[in-house]
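I opened my notebook to write down what I looked up in this structure, entry by entry.

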Amino acid sequence: MNGVQLLLIIFGGITVSAVAHRRGAQPGLIVVILAAAASFIPGVPRLELDSELILAVVVPPLLYSAARGASMSSFSQNLGPILTLGVTLVVLTTGVTGLVASWLLPAIGLQAALVLGAVLAPPDTITTVTHGKELGLPRRATAILTGESLVNDATALTLFGLAVAATGAGHTLFDNGFVLFLYNAFVGMLVGALLAVVTLWLRKRLLDPVLETAVSLLLPFTAFLLAEQVHASGILAVVVTAFSVSINTALDKRHQYPGAYRARLQEEAVWPVVDFLLETFVFAYIGLQLRFVVQNLASSDSLLRTVLAAAVILVTVVVFRLGAVPAAFAWWGLRRRRREQRVETDPRARAKWERRLQWRARRGRNRPVLGEPTPKEALIVGWTGMRGILTLAAAAAVPEHLGDGTPFPGRDEIQTIALLVTLGTLLLQGTTIPLLVRRLRIDTAAEREREDELRARGVAIAAGAGGEQDFDAQRDALADAVFNEQLDDDTARRLIHDIDLRQAAHGTHPR
């Protein structure tokens, strides 16, 4: 890909997005459709990117931006469903999809079919949930989908590495899959946490919004590459770094300093632009591959068989997720109820639970523990399972040859099916989510956010009673309310952004 092609894609995406916004359509889906159609125009060159470049350049900033805008309190409250979907469901999807693929394409073998299963296992819902309010997604569904997207990529890439190694085309740090996953997760999160500590220390000493924003833009790449250097999960490193830096920058009073609000305002202005440019490129790149992957198979007699297999696998991943998500939530809810029963009947379990409640009471934490998601929320989460750029990057990363030099079995079929399933889920599920939400008629994130914002404004107004420009006191009050779990951190951060804007307009400096 040369610079002219990249600029044409970006400018074309801007134009399409502008028209789509005016028409009330989803820009990303329109870009995919038009790019797929444009790929069949004679003379349009194929855009090819190395899979490692996609993983190292495109995925980290998208994940970082999604994590920095996510709610840590919502993540922790929904940790059970998130881990159930981000780990258990990814493993099951890999197995089911691999078995179906080996039945449809017996020539590639079970091991290569499991590689395809790992490629297709992780839904990429980041772009969807970033437009959650526009689509009308319920608040809890948005929190679960965001958390799932931040976890499932690491699980899928671990499974992908194991499946490729099983074919004889690669190797992993540990042969045991469970040990490998624990190492990837623990070391990846450790790298992210250490980098966040260094970043927060550095930001307090830069005292320059431009330099701080530059550090913020470099963070996702640094976290990803550092973790990958020690063979850990770069994705989890990025997520932990983003969570830690964003929460501490806005809500931890220890990390406030003169002019900090200006850096926050600048970052809030920069990251949406980065998101838009990357999302536009990703959707265009997905669509522009269609003609060429079809041509790769057209010269052989496997085109029709591969397309039919892709259609069956598309139905498999959609239907399996629709059934598995409610089952996974029910299983998680059953475990939770059994734990509650054990607390009631087992004196030791009851004593442990009471100590936990006392600890929370001493910390001033009184937010109730959420039950299992409702059937309507489970249906929305189950239907929001579009595949995206990680699926294509993993498919491109399938080795060309095995360890003995023979061609990797079914590599062309794997890449074609990955693209067709990605396009199919984007067009089938992505276009129907708003209709599904309207039909279900449940509370949307926007409605709940208005209620939370009114409560948060009451906290800020009470804190600023000493004067309209008492911005420090208002921020401190919101930070205390988050710590005491009286407010969600995402609500507090939105209001802190408003306070930052008012302070910038007044031209005053905190502390």
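**Entry 1: a buried residue**

I looked up Glu148 and found that this residue is buried, with a relative accessible area of 1%, where buried means under 20% relative accessible area, exposed over 50% and partly exposed in between, using a 1.4 Å probe and protein chains only. I noted that the model is a predicted one, in which local features need pLDDT of at least 70 and side-chain atom pairs count only at pLDDT 80 or more, while totals for chains, interfaces and linings use all residues. I also noted that residues are numbered from 1 along each chain as its sequence is written, and that side-chain values use heavy atoms, with hydrogens and water left out.

Glu148 belongs to helix 9, and I took helices (H or I, at least four residues) as DSSP runs numbered from the N terminus, as are strands (E, at least two). Leaving aside residues up to four places away in sequence, I found Glu148 touching Ile82, Leu85, Gly86, Pro123 and Arg321, where contact means heavy atoms within 4.5 Å.

I then asked at what angle the axes of helix 5 and helix 9 cross. The axes of helix 5 (residues 79–104) and helix 9 (residues 139–166) cross at roughly 45° and come within 7 Å, which makes helix 5 oblique to helix 9. For angles, under 35 degrees counts as roughly parallel, over 145 as roughly antiparallel, 65 to 115 as roughly perpendicular and the rest as oblique.

In the contact, helix 5 contributes residues including Ile82, Leu85 and Gly86, and helix 9 contributes residues including Glu148, Val151 and Leu159. Sorted by class, I recorded twelve nonpolar, five polar and two charged residues in this contact; Ala, Val, Leu, Ile, Met, Phe, Trp, Tyr, Cys and Pro count as nonpolar, Asp, Glu, Lys and Arg as charged, and the others, Gly among them, as polar.

Tyr64 lies in helix 3 (residues 51–68) and Trp271 in helix 13 (residues 260–288), 207 residues apart, and the pair links distant parts of the chain.

**Entry 2: the whole chain**

Finally, I noted 23 helices and zero strands in the protein chain, and that buried residues make up 53% of its 511 residues.

Definitions and conventions
Axes are lines fitted to C-alpha atoms, for helices over the stretch in contact, and angles run from 0 to 180 degrees between N-to-C directions.
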